[in-house]
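Subject: Structure handover

Hello,

Here is the structure I promised. Please open it alongside this note. My findings follow below.

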Amino acid sequence: MRKAISFLVQPRCLLLFLVFSIFLILAISSSKWVEEKEEQPEITERVFLDVDIDGQRLGRIVIGLYGQVVPKTVENVRALCTGEKGKSASGVKLHYKGTPFHRIISGFMIQGGDIVHRDGRGYESVYGGTFPDENFKTKHSHAGVVSMVNSGPDSNGSQFFITTVKTSWLDGEHVVFGKVVQGMDTVFAIEGGAGTYNGKPRKKVVIADSGEIPKTQWDEER
């Protein structure tokens with residue numbers, strides 16, 4: 001028994017045990033990282049939001065849209081950015097231009113897109129009223145995720161939010177349709193300059209202009 005114990009405490013055995021332990025920890029960590037790594041969908045369209053804060057131009061947010069994953073949601077947002085649909089049957093202007101980011105929560109997200117009341121109470125899509133959730137394939141896995149606001153299942157309209165942190169608890173509840181590809185500095189500036197913990201903005205943040213960026217100009221936007 002003493003010989004067995006003596007063998008186990010030999011420096012060579014201790015070194016082998018240490019190396020094996022480190023290898024095991026790295027292997028477990030690596031497999032976990034592979035499981036958590038999310039494949040990013042292809043960006044099919046790009047839209048932009050030019051943002052003013054208290055009447056002064058802050059910057060541009062460029063959003064890449066996942067048209068192959070959620071085509072109906074993407075078409076709704078794309079058309080609301082261009083304003084090409086004109087007005088709804090109830091007379092609402094179907095355009096993000098001139099609408100505010102009405103809810104800005106520090107350490108969470110910025111929310112906008114209420115084309116009806118401009119205060120978070122309105123929901124209106126280009127399809128008329130609201131429309132169903134397409135799917136929840138893409139997760140809220142990082143800052144810059146762009147997702148639909150809703151008031152429960154299958155109640156998507158015009159409102160959206162952009163995350164400023166990872167928000168995994170929203171997975172399966174809100175439809176992700178894109179991500180910020182340029183202008184996260186503008187997003188963080190909105191959060192830092194106007195955000196509060198109750199969500200009521202400290203400053204007036206408005207989408208001064210919005211539209212679609214043709215693929216021929218994507219390289220110019222980089």
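Buried means under 20% relative accessible area, exposed over 50%, and partly exposed in between, with a 1.4 Å probe and protein chains only. T196 lies in the loop between α4 (184-194) and β8. It touches I104, I105, S106 and R202, leaving out residues up to four places away in sequence. A contact here means heavy atoms within 4.5 Å.

Before you read on, two notes. This is a predicted model, where local features need pLDDT of at least 70, side-chain atom pairs count only at pLDDT 80 or more, and totals for chains, interfaces and linings use all residues. Residues are numbered from 1 along each chain as its sequence is written, and side-chain values use heavy atoms, with hydrogens and water left out.

The overall picture

The protein has 5 helices and 8 strands. These are DSSP runs numbered from the N terminus: helices are H or I with at least four residues, strands are E with at least two. From the N terminus on, the order is α-α-β-β-α-β-β-β-β-β-α-β-α. Of the 222 residues, 45% count as buried.

The sheet

An open sheet of 8 strands runs β3-β4-β6-β5-β7-β2-β1-β8, with antiparallel pairing. β3 (103-105) and β8 stand at the edges with a single partner strand each, so one side of each has no neighbour in the sheet. Two strands pair if DSSP finds at least two bridges between them. β5 and β7 pair in the antiparallel sense over 3 bridges. V145 stands opposite K179 in β7.

The helices on it

α3 packs on the sheet and touches β1, β2, β5, β7 and β8; its direction makes about 110 degrees with that of β8. α4 packs on the sheet too, with β2 and β6 (160-163) among the strands touched, and its direction makes about 130 degrees with that of β2. Axes are lines fitted to C-alpha atoms, for helices over the stretch in contact, and angles run from 0 to 180 degrees between N-to-C directions.

A closer look at α3

The 12 residues of α3 (residues 71-82) should span 16 Å at 1.5 Å a residue, and the end C-alpha atoms are 16 Å apart, which agrees. The expected span is 1.5 Å times one less than the number of residues. Its buried residues are T73, V74, N76, V77, R78, A79, L80 and C81. After α3 comes G83, whose phi is positive, near 75 degrees.

Best wishes
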